[in-house]
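Work through the following exercises with the sequence and the structure side by side, and try each task before reading its solution.

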Amino acid sequence: MSAETPAALRARLEAAVEARARLRARPLHETIAALAAAAARWRDDAALRAELPAAACLSPAMIAAVVPIAADALDAQALAELARREWGAGAAARPAPPGPALVAHVVASNVPALALPAIALGCLAGAAVLVKSGRDDPLSAPAFQRALAAVDPALAATVVAAYWPGGDLAREDAALGRAEVVVATGSDATLAALAPRLGRRLIAHGPRWSVAVVGGAAAEVDAIALDVALHDQRGCLSPHAVYVTGDARGFAERLAAALDAVAVRLPPGPASVDARAAARLLAAEAEWAPGAAVLGGAGGTVIYEEAPAFRPTAGLRTVRVHPLRDPRVLPELLPPGRIECVGVAGVDPAPLVAVLRARGVARICPVGRMQRPPLSWPRGQHPPLGALLGRRGEPLIEVER
């Protein structure tokens with residue numbers, strides 16, 4: 001996509017809002033069926049799969065693995081259940097209640113295909129949808145719009161896929177100024193710049209990470225290695241630390257071997273010089289810590305550390321392993337408002353739910369599923385559909401079994 005003039009962007013947005021108004025009486029089940037069918041077409045888009053590895057700086061094998069995950073989340077049953085949660089039984093048989101005319105999503109590009117849930121949620125809310133793609137994935141949003149146009153041209157006309165360089169105030173004002181809700185993902189500095197201009201219209205998602213906790217007898221090392229490797233550990237659901245109640249040092253050794261094994265079928269993508277240098281510096285510093293061990297290989301780096309406080313790694317499939325005497329102390333080791341998901345294996349999460357929720361955690365799930373969030377995931381503790389409708393409420397946490 002090429003950057004367009006602010007006037008041209010405004011015209012596309014007005015056309016999308018008008019197209020959405022023409023669908024005001026449409027029952028939600030028609031929208032749900034179209035979104036699910038479009039997701040299936042998007043998943044099978046050969047041109048997208050061919051072009052996305054270079055754009056996203058991920059290996060072709062990784063793209064082949066993560067594209068189905070993104071498409072499968074837009075399952076018709078999951079979409080209908082989300083509507084039922086928001087509007088009650090029989091919601092799919094009715095039109096979406098009145099809501100925002102235009103929802104804008106400023107998506108990050110660290111993980112490809114973030115445009116899909118953005119478009120799906122906006123359409124379910126009965127709004128026209130703008131997706132401003134990130135620099136490293138300008139492909140997924142227009143590809144999904146094309147897939148949607150093939151099955152439902154009227155609904156596709158309500159979606160605007162756009163790209164402009166970050167910091168372009170003229171285009172930002174043209175697009176975001178028209179939206180009634182703006183969902184933005186970015187650095188703390190980026191979000192701080194948007195907040196005064198957007199006020200309460202802004203739903204902000206800043207930097208967050210994830211962790212896993214493993215009971216002593218659990219043998220889930222392969223599942224955790226996959227959670228680390230998917231998307232090359234770039235997303236907020238990527239674990240950066242694993243807390244182990246049993247033999248943590250032995251677990252670290254097995255995890256290093258498992259990462260090497262995953263890398264054979266899901267090779268890492270190209271990394272920048274700066275990213276490689278940051279990962280090497282982190283590993284070199286860890287080698288000097290008392291009681292620490294650095295286990296590096298072709299598949300990533302595992303750092304065994306006895307100090308338990310959470311610290312994010314530099315990425316590139318680098319993960320810390322910490323011994324943990326009791327899972328009940330885990331929440332106090334986590335920085336407030338910075339941990340998105342806790343993966344669990346061999347540990348009953350029930351006693352941890354309330355305190356993890358208070359700590360800002362939005363999701364608890366079995367390891368091996370950390371990178372497979374359902375559409376119902378309350379990202380940043382916001383209700384996925386309700387937040388677009390102005391219903392923020394109490395912070396949420398979802399526990400998956």
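**Exercise 1.** Determine how many of the residues of helix α6 (residues 115-124) are buried.

*Solution.* Start with the term: buried means under 20% relative accessible area, exposed over 50%, and partly exposed in between, with a 1.4 Å probe and protein chains only. Helices (H or I, at least four residues) and strands (E, at least two) are DSSP runs, numbered from the N terminus. By this count 9 of the 10 residues of α6 are buried, and the helix is mostly covered. Among the buried residues are Leu 116, Ile 119, Leu 121 and Cys 123. After α6 comes Gly 126, which has a positive phi near 80°. This is a predicted model, in which local features need pLDDT of at least 70 and side-chain atom pairs count only at pLDDT 80 or more, while totals for chains, interfaces and linings use all residues. Residues are numbered from 1 along each chain as its sequence is written, and side-chain values use heavy atoms, with hydrogens and water left out.

**Exercise 2.** Describe the surroundings of strand β4 (residues 181-185), and state in which sense β4 pairs with β1 and with β5.

*Solution.* First, burial: 4 of the 5 residues of β4 are buried, so the strand is largely enclosed by the rest of the structure. Next, pairing, which requires that DSSP finds at least two bridges between two strands. Strand β1 (residues 102-106) pairs with β4 in the parallel sense over 4 bridges, and His 105 stands opposite Val 183 of β4. Strand β5 (residues 202-205) also pairs with β4 in the parallel sense, over 4 bridges, and Val 182 has Leu 202 of β5 as its bridge partner.
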